[in-house]
Amino acid sequence: MKIQNYIRFYKNKKILITGNTGFVGTYLSLSLKLMNSKILGYSLKKKDQKYISNTLDYKKKIRTIFDDIKNIDKHETSIKKFNPEILIHLASQPLVSESYIYTKKTFETNILGTVKLFELVKKLKNLKNILIFTSDKVYKNINQNILNENSELGGEDPYSASKSSQDIISNSYKSSFFRNNKNIFIVRAGNIIGGGDWEKSRLIPDLFISNNKKKNITLRNPNAIRPWQHILDLTDAILKLIAIKGKKISDRSIIYNIGPKNKKAYKVKNLIQNFINKSKFIKISYKFKKIKFREKKFLKISSNLIMKDINWKPKLNLNEAIKITSDWYSNFYTKKTKAFNFTENQIKNFFKY
Ligand SMILES: NC(=O)c1ccc[n+]([C@@H]2O[C@H](COP(=O)([O-])OP(=O)(O)OC[C@H]3O[C@@H](n4cnc5c(N)ncnc54)[C@H](O)[C@@H]3O)[C@@H](O)[C@H]2O)c1
């Protein structure tokens with residue numbers, strides 16, 4: 001979609017974004033701010049100072065309430081005063097590995113947090129469009145099929161189970177309370193790459209952090225196949241989806257997978273090798289290590305439905321996604337341009353401002 005159309009829809013819209021201090025939330029917040037939306041964030045502070053949300057530039061642009069999602073009812077007055085028209089819910093414990101260690105916390109944040117949020121949403125009369133970001137891991141995925149929106153739900157590890165629950169609960173609120181007055185979009189996407197992600201147990205941050213320490217990266221699941229996609233394509237899909245489908249209220253949840261362009265299955269080790277081959281900045285190699293916890297070997301989703309319904313398609317192929325991700329981290333470590341400005345420039349270039 002042309003940027004002018006986005007600006008027409010998003011200009012002056014009041015948008016509440018939970019999880020706005022994280023990787024995905026930062027891109028959505030900055031992109032919407034560039035489209036002249038009014039943003040209120042609700043998140044915990046990221047402890048790692050490298051996050052863009054910890055820069056002064058970000059804090060100046062994006063107002064955030066810092067608290068646990070489970071306490072969102074305590075902020076009813078300020079949120080009512082802000083009077084959001086759109087809600088994007090990202091606040092979650094987002095890691096499979098952490099969910100094996102902090103299982104109760106994962107369920108509390110991802111499930112109870114979502115319920116607390118929806119209870120507040122019932123009181124927000126002007127809120128018409130709600131987007132819940134679950135995951136491609138919501139599916140049961142027992143066979144090596146390509147998963148579509150009708151595939152059976154049933155994540156097995158605690159993170160995946162919490163996201164399946166988030167998905168089902170969101171659908172329940174739509175059918176039970178918001179049938180005629182609010183849209184609920186449920187998007188299932190996975191394995192997003194791009195600059196500004198610093199989660200240590202994720203592949204790409206791990207690659208660049210290891211490179212900075214001049215240590216080879218250890219791959220725990222080298223043959224796992226994942227639908228890699230760039231954060232800017234995902235941002236574009238979410239913005240286009242709300243702008244197109246958010247104009248009238250649908251009587252059921254609007255559910256879409258969002259995945260990459262390449263039909264080719266891509267293994268973890270091939271992705272890393274590709275980064276190493278293409279980026280002069282990366283000087284390390286990789287080694288393998290067996291993991292103690294289970295992760296699915298094969299995960300491939302079909303995005304045909306969203307492509308057909310709203311005529312969205314990813315703009316970046318895998319090589320382009322790798323290039324702009326490498327550029328981001330290489331700029332971060334060489335400190336040529338401020339990370340905040342570099343990110344905004346990548347957003348502007350992508351949306352052709
Ligand atoms: N990055 C991916 O590849 C990916 C893939 C599929 C789904 N997702 C989903 O996207 C969303 C954002 O993930 P991300 O990659 O930006 O992760 P992230 O860790 O960078 O950000 C998570 C955000 O949630 C907030 N948060 C975590 N626990 C909270 C709590 N108890 N109370 C309030 N806020 C809390 C954090 O402060 C942060 O703002 C999550 O829902 C995640 O499950 C991400």
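First the overall picture. The protein has 13 helices and 11 strands. Its radius of gyration is 19 Å, close to the 20 Å that the globule rule gives for 353 residues, so the protein is as compact as a globular protein of that length. Along the principal axes, the C-alpha atoms fill a box of roughly 55 × 45 × 40 Å. Please keep in mind that this is a predicted model.

Now to helix α2, residues 23-34. Two packed helices are described by the angle between their axes and the distance between the axes, and I will give both for each pair.

The crossing of α2 past α9 is right-handed. On the α2 side, the residues involved are Val 24, Tyr 27, Leu 28 and Ser 31. They meet Ile 231, Leu 232, Thr 235, Ile 238 and Leu 239 of α9. Sorted by class, this contact of α2 with α9 has 7 nonpolar residues, 2 polar ones and no charged ones.

α2 passes α13 in a right-handed crossing. From α2, the contact uses Tyr 27, Leu 30, Ser 31 and Leu 34. From α13, Thr 343, Glu 344, Ile 347 and Lys 348 take part. What does the contact of α2 with α13 look like by class? It has 4 nonpolar, 2 polar and 2 charged residues.

That leaves the ligand. There are 26 residues around the ligand, and those that come nearest are Gly 19, Gly 22, Val 24, Ala 91 and Ser 92. Val 24 also belongs to the set of α2 residues that meet α9. Which helix gives the largest share of the shell around the ligand? That is α2, with 3 residues. Both α2 and α6, residues 103-121, supply at least two residues of this shell. By class, the shell divides into 10 nonpolar, 13 polar and 3 charged residues.

Terms used:
Residues numbered from 1 in each chain as written. Predicted model: local features only at pLDDT ≥ 70, side-chain atom pairs only at ≥ 80, totals over all residues. Axes fitted to C-alpha atoms, helices over the stretch in contact; angles between N-to-C directions. Helix = DSSP H or I, 4+ residues; strand = E, 2+ residues; numbered from the N terminus. Left-handed = near helix turned anticlockwise from the far one by under 90°. Contact = placed C-beta atoms within 7 Å. Nonpolar A, V, L, I, M, F, W, Y, C, P; charged D, E, K, R; others polar. Near = placed C-beta within 6 Å. Rg over C-alpha atoms; globule rule 2.2 N^0.38 Å.
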